[in-house]
Amino acid sequence: MNDKQINNVILGIETSCDETSASVAMGNTVLTNVIATQEVHKNFGGVVPELASRQHQKNIIPVVNEAIRKSGLSKNQIQAVAFTRGPGLPGSLMVGVSFAKSLALALGVPLVEVNHMQAHVLSLFIASPPNPLSKGEGEQHPSFPYLCLTVSGGHTQIVQVKDYLDMEVIGETLDDAAGEAFDKAAKIMNLPYPGGPLIDKYAREGNLKRFSFPEPQIPGLDFSFSGLKTAFLYFVREQSKTDKDFVEKNKNDLCASIQETIVNILVKKLQKASEQTGIKEIAIAGGVSANSGLRNAVNEAAKKLGWNIYIPPLRYCTDNAAMIAVAGYYKFLKNDFAPQTAAPMARMSF
Ligand code: KG4
Ligand code: ZN
C-alpha cells in the first residue's frame, strides 16, 4: 500500500469496564482489534472497580503496542486517537483517557472522545479488510433510520438512529440492565462472573418451558429487570430448601427458562418500538447480543414481521476498541475533536 492510500487511520482505545482493548482502523475497516480480558473478577460475582483499573494500567501499553504492530502501520501514520470517555467505571476510564491524551500529544494528532453506548450502536458499521475467509462479513450495514437494541452489562436501550452521529434513546431500563439480569441469575446459581455466556451455554441443553417467571408490565418502551431477578432468587431459594441440589439437577432448564424470559421481554419491546416508529431496519448490539437465544428470537421476529436484521459478529458484540475506532472515524470526518482537558464521564448520555 502506498502512503496515499493510507488515510483516516484511527487508533481506538477502550477501558470502560473490564476489557482493555486497542484497535487500528482505516476508515471503518478494522485492521486490528486487540482485547485483554480481565480474569481477576471471576470469583467476585461482578467487576471489582479497583482491580479493574489496576489491570488496565498493566495492560494498556502492551495492548496498544500490539494493535499498532499487527496493523502493519507505524505509529506515525496514526491520524487521530479515539477513546471511550464514558459511560463506565471512573477508575477504568481514567486509564484509557489519560493514555489517549498523552499519546495524542506525543504524536501531535487530534483526540476524539467517544460515547461507549454510541460506539455499540455504530459497531454495525465495522467492516473487515477484504479476506476470502471472512467473505460477506461486515458487508451488510443497516440503512438510516434504524432501531438498535443495545444490551450490555450496564445498559439496556432502544435507540433510534437517524445518522451516524444523530441518535436518540427512545426506551431504556429503569433499573437493572439485561446483562445484569443474566449475571445476577447466574450468581444465584453459583456460576462465575460473567454468567451471561454460561447461561447461554447451559440453556442450549435445557427446556425453556420448564419454569416460568413473571414479565414486568412497564408502559412505553422502557424495561425493568429487577423484579425478575428477585422472583428468580426467591424461587431458587424456596426449591433449594427441600432439595439442596435443586440448582445442580435443574441447571440447564433453569438457564433455558430465565434466558427465555429475558429474551421475551427484550423482543416484545423491540417489536413495540418498530410498530410505533414504523422502522423495520432492526439491529442488536452490546454484550447480550452475543446471546444465541436473543439472536434466534430476533431472526424469528424478522421472518414474521418483515424486518431486516443486523447483528455484529460475536467479537464486536462484547466490549472492544474496534467500535471505538470506527465511531471515532465518523467524528474525525466532522472534525469533532476533544480538548486535552477532556475528563472521564462515568455517566454519559447522548
Ligand atoms: O457490552 P459488554 O461487553 O460490556 C458492557 O458494556 O457492559 O456486555 C457485557 C455483558 C455481561 O453482562 C455479559 O454477561 C453479557 O454481556 N453477555 C452475555 C453473553 N455474552 C456476554 N449475556 C448472555 N449471553 C451471552 N452469550
Ligand atoms: Zn459495552
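Predicted model: local features only at pLDDT ≥ 70, side-chain atom pairs only at ≥ 80, totals over all residues.
Figure 1. A side-chain oxygen of N291 comes to within 3.0 Å of the backbone nitrogen of G293 at the start of α8. The helix comprises residues 292-305, 14 residues in total. From its first C-alpha to its last, α8 spans 20 Å, close to the 20 Å expected at 1.5 Å a residue. G306 follows α8 and has a positive phi, near 70°.

**Figure 2. Packing of the buried residues of α8.** S292, G293, L294, R295, V298, A301 and A302 are the buried residues of this helix. An α-helix has 3.6 residues a turn, so residues three or four places apart point the same way. The elements against which the buried residues of α8 pack are β6 (146-151), α5 (196-203), α7 (246-277), β9 (281-285) and β10 (308-310).

**Figure 3. The largest nonpolar core and the surroundings of I199.** This core has 44 residues, of which I199, F225, I262, L266 and L294 touch the most other members. At least two residues of the core come from each of β6, α4 (178-188), α5, α6 (226-242), α7, β9 and α8. The greatest contribution is that of α7, with 13 residues. In soluble globular proteins, nonpolar side chains tend to be buried together. When neighbours within four places in sequence are left aside, I199 is in contact with F182, A185, A186, M189, L191, C255, I258 and Q259. A second, separate core of 31 residues has A119, V161, V326 and F332 among its members.

Figure 4. Is S92 buried or exposed? S92 is classed as buried because its relative accessible area is 1%, under the 20% cut-off. Apart from neighbours within four places in sequence, the residues in contact with S92 are T15, S16, C17, A52, S53 and H56.

**Figure 5. The interface between domain 1 and domain 2.** The domain assignment of the protein chain places 3-137 + 317-333 in domain 1 and 146-311 in domain 2. The centres of the two domains, taken over C-alpha atoms, are separated by 27 Å. Contacts join 19 residues of domain 1 to 24 residues of domain 2. Between them the domains bury about 1800 Å², with 76% of this area on carbon and sulfur atoms. On the side of domain 1, M117, V121 and C317 supply 31% of the area buried against domain 2, more than any other three residues.

Conventions
Residues numbered from 1 in each chain as written. Chains lettered and ligands numbered in written order. Heavy atoms only, no water. Helix = DSSP H or I, 4+ residues; strand = E, 2+ residues; numbered from the N terminus. Expected span 1.5 Å × (residues − 1). Buried < 20%, exposed > 50% of the residue type's maximum accessible area, 1.4 Å probe, protein only. Contact = heavy atoms within 4.5 Å. Polar contact = N/O pair within 3.5 Å; in protein donor to acceptor, adjacent residues only side chain to side chain. Core = buried A, V, L, I, M, F, W, Y, C linked by side-chain atoms within 4.5 Å. Domains from an automatic or database assignment. Buried area = accessible area lost by both parts, 1.4 Å probe.
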